[in-house]
Amino acid sequence: MFDFLRVLLRQGRRTLAFPGGAVELPERFRGLPVLDVNDCGAPQPLPSLLPSATSDGRPAIDVGACLFTPEEAACTAAGRVAYSRDYRLASSTRDGLIATSGEIERAQSLDAAARRLFGRSLRLRSVVAGSCGGCEAELVALGNVVFDLGRFGVQFVASPRHADGIVITGAFSRNMQGALAATYEATPPPRIVIAVGACAIAGGPFHGSSEVGHEALTGVPIDLYVPGCPPHPLTMLDGLLRLLGRLPAERTAQHV
Amino acid sequence: MNRLRDPGLRNRHAVALHALPDLPVDGFRNIVLDAVNAGWRLISFFGMPEAAVDTRLIAVLADDANGQLGAAMTVVEEAYPALTPDCPQAHAFEREIAEQCAVRPSGHPWLKPLRRHAPDHRPRHSSAQVLDPETYPFFRVEGEEVHEVAVGPVHAGIIEPGHFRFQAHGEEVLFLEIMLGYQHRGVETLLETVDPARAVLVAESIAGDTVIGHAGAHCGAIEALARSRKSPRAQSIRGIALELERLANHIGDLGAIAGDIAFQPAAAFFGRMRGECLNLLLTLSGNRYGRGLVRPGGVNFDLPPGMADEMAGRLHRLLDEIQPVARMMFSNGAVQARLEGVGAITREQCLESGFVGPVARSCEITRDVRHDHPYGIFRFVHIPVALAWGGDVHARAQVRWLEVQRSLEFVTEQLTALPRGELRVSCGALRPAELVVALQEGWRGEIVHAVVTDDSGAIRRHKVTDPSFHNWTALALALPGNQISDFPLCNKSFNLSYAGHDL
């Protein structure tokens, strides 16, 4: 008994103050990619992240398709791509992730009715549809004592029947089509859908493979997109809290 | 055995394809079966298209005691006599060949789909299909009091998809059949077709918790084919990253095992400490899983003295914090009662089926690529092989704890004296018509990347074998005789990769 108390004292309280306090991520952390349109010399080909033209012809980066590799930070025909240390990457729309000069449209909260239902109690069902396992590992980390998702009233549950929404990771493999559709159908409305990771958003490292991209939820609206490969737990947490309208006022301003 | 040894195939040492024994099917079977009977281990066995209608089969064997590899080849058309009846180590490989190449291993005792997809490595002009991905005949036990329990693919927690079909009598499991393939993303085809800059990203993503393991094996194969020699500094940084990955996963597993027996304090503490290891990888590479670090020719990031000191300090604190937690857990009588004797496999089962990693080492089998086929930094620094006996959940937990301590020691030591050298050397064109086999001791066990180039030096075949490919069978063998409610505990004690298996 006393051994246990000694251990408990030594381990201490490790829960982050987030969303209070400052977030300090290491120097090499690759957060939001930013495009600087000034000429930087000869362009180099990028493996997957290509600044793409937006509809009005301005160069942009698709943060949803970004794999956050060092190689994607390079000189391109549209300018230099560099990573900031901004971990706040989640958006409410797919288009919101197409960033011109480093500005994505950060996630907005659900409407008032949904916030009344889910704002203080959100039960989520995880469905993995052709992933590498990385995003799930970070979703699991959200439940540890450091990030402590439970203190926000958010919890993962063991059945879609108990859930308010599903969290999808993975690139939509062929063999998971049926199970993904069935899980969504089994989740009683009102329900939300959250896509976590580059694979769920745009195929990730597997884009182009014939075995992925098998959409099981055509026409189903997605309420939150969380980019990353995998997204840092703080990126996931920031996205969830924005969705629920739980981020303190001074942090919800678009570019803060 | 000389015909196997002569070409001089070794871990990350490429040889000309034509130097390998190329035999008619009977000769091929004999050379492989004789080797296995003499103690060699079948570490890879795969097919690749040859001309319009044929399939070339390549079997790679390991003589662990002597640190040597060997390979033999044959060419078949639609079928060949299966090796599995005489060599159980081949059972999953032959199901894979049937599925990928549409070649029938006649006489295979249990020919069923493996990943449930259409053939993707079939000869150009073949339309054969040996297995139907939609038909999976589960083994059933008949009897009035026998019931069948199906679990998955979507599981209770946040975990990858897989299907488990139990035949149970009351609480007791009579049989467990595991059907996978839900995570199949077409990894091998991608590795064989995308440009090298993208291929390493695919390799990093084979199993997201084994980024360094798979990227290291992939790069090791490419570097061997390009005759590119990494600097000692790059080798050391890769070793540090590999061991940090091992630490993060083993500590996480100890926490998960504690969680499944409701020993919450250890579950909470180990869970946090796993994060400390991920944060060390984040400091080094900018990503908690080490993505972006390992590249052909070396590494992308340096470990300067200031960073090394800081990381060493954090590791020292980690060791200080983790020892009392492990002591608290392993000395607890209730924990022992819950872990001992549960989910046991035997040493004989490990040897017969070819299990690898901590699973094998928990049955006192000294099998560790860092020890048997040393590469990179492991040629100079020897980490003692961690063994336990009993083959049960307790033994697998003990092996992990031993490896945590040894990896902590290794990383701390490396951080105090990083060798000099370039971070990354150039990795040029690949030699044509060669075979290379790159082994890596990932944290789950032996990872194999076998790569064959064609006459122009392009990649002809990139065969990936994750340790889970072998070890899923261990879980199926461990359950019978146990309570079905112990399944989550047993599952976590093996902690196999669905994605690593499914590719």
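Biologist: How many helices and strands does chain A have?

Modeller: Chain A has 7 helices and 11 strands; helices (H or I, at least four residues) and strands (E, at least two) are DSSP runs, numbered from the N terminus. This is a predicted model, in which local features need pLDDT of at least 70 and side-chain atom pairs count only at pLDDT 80 or more, while totals for chains, interfaces and linings use all residues. Residues are numbered from 1 along each chain as its sequence is written, and chains are lettered from A and ligands numbered from 1 in the order in which they are written.

Biologist: What percentage of chain A do buried residues make up?

Modeller: They make up 46% of its 256 residues. A residue is buried if 20 or more other C-beta atoms lie within 10 Å of its own, exposed if 12 or fewer, and partly exposed in between, with C-beta atoms placed from the backbone.

Biologist: Which residues are buried in helix H4 of chain A?

Modeller: In H4(A), residues 177-186, the buried ones are Leu180(A), Thr183(A) and Tyr184(A). They lie on the same side of H4(A) because they cover an arc of only 100 degrees around the axis, the arc being that of the directions from the helix axis to the C-beta atoms. Gly178(A) and Glu185(A), on the other side, are exposed.

Biologist: And what covers the buried residues of H4(A)?

Modeller: The cover includes strand S7 (122-128) and strand S9 (165-169) of chain A.

Biologist: Turning to chain B, at what angle do helices H7 and H14 pack?

Modeller: H7(B), residues 232-260, and H14(B), residues 393-416, pack at about 145 degrees, with their axes 9 Å apart. Axes are lines fitted to C-alpha atoms, for helices over the stretch in contact, and angles run from 0 to 180 degrees between N-to-C directions.

Biologist: Which residues meet there?

Modeller: Among them are Leu244(B) and Leu247(B) in H7(B), and Trp401(B) and Phe410(B) in H14(B).

Biologist: What is the order of the open sheet in chain B?

Modeller: Its 3 strands run S7-S8-S9, with antiparallel pairing; two strands pair if DSSP finds at least two bridges between them. The edge strands are S7 (146-151) and S9 (172-179) of chain B, each pairing on one side only.

Biologist: Over how many bridges do S8(B) and S9(B) pair?

Modeller: S8(B), residues 163-169, and S9(B) pair over 7 bridges. Glu172(B), in S9(B), is the bridge partner of His169(B).

Conventions: Contact = placed C-beta atoms within 7 Å.
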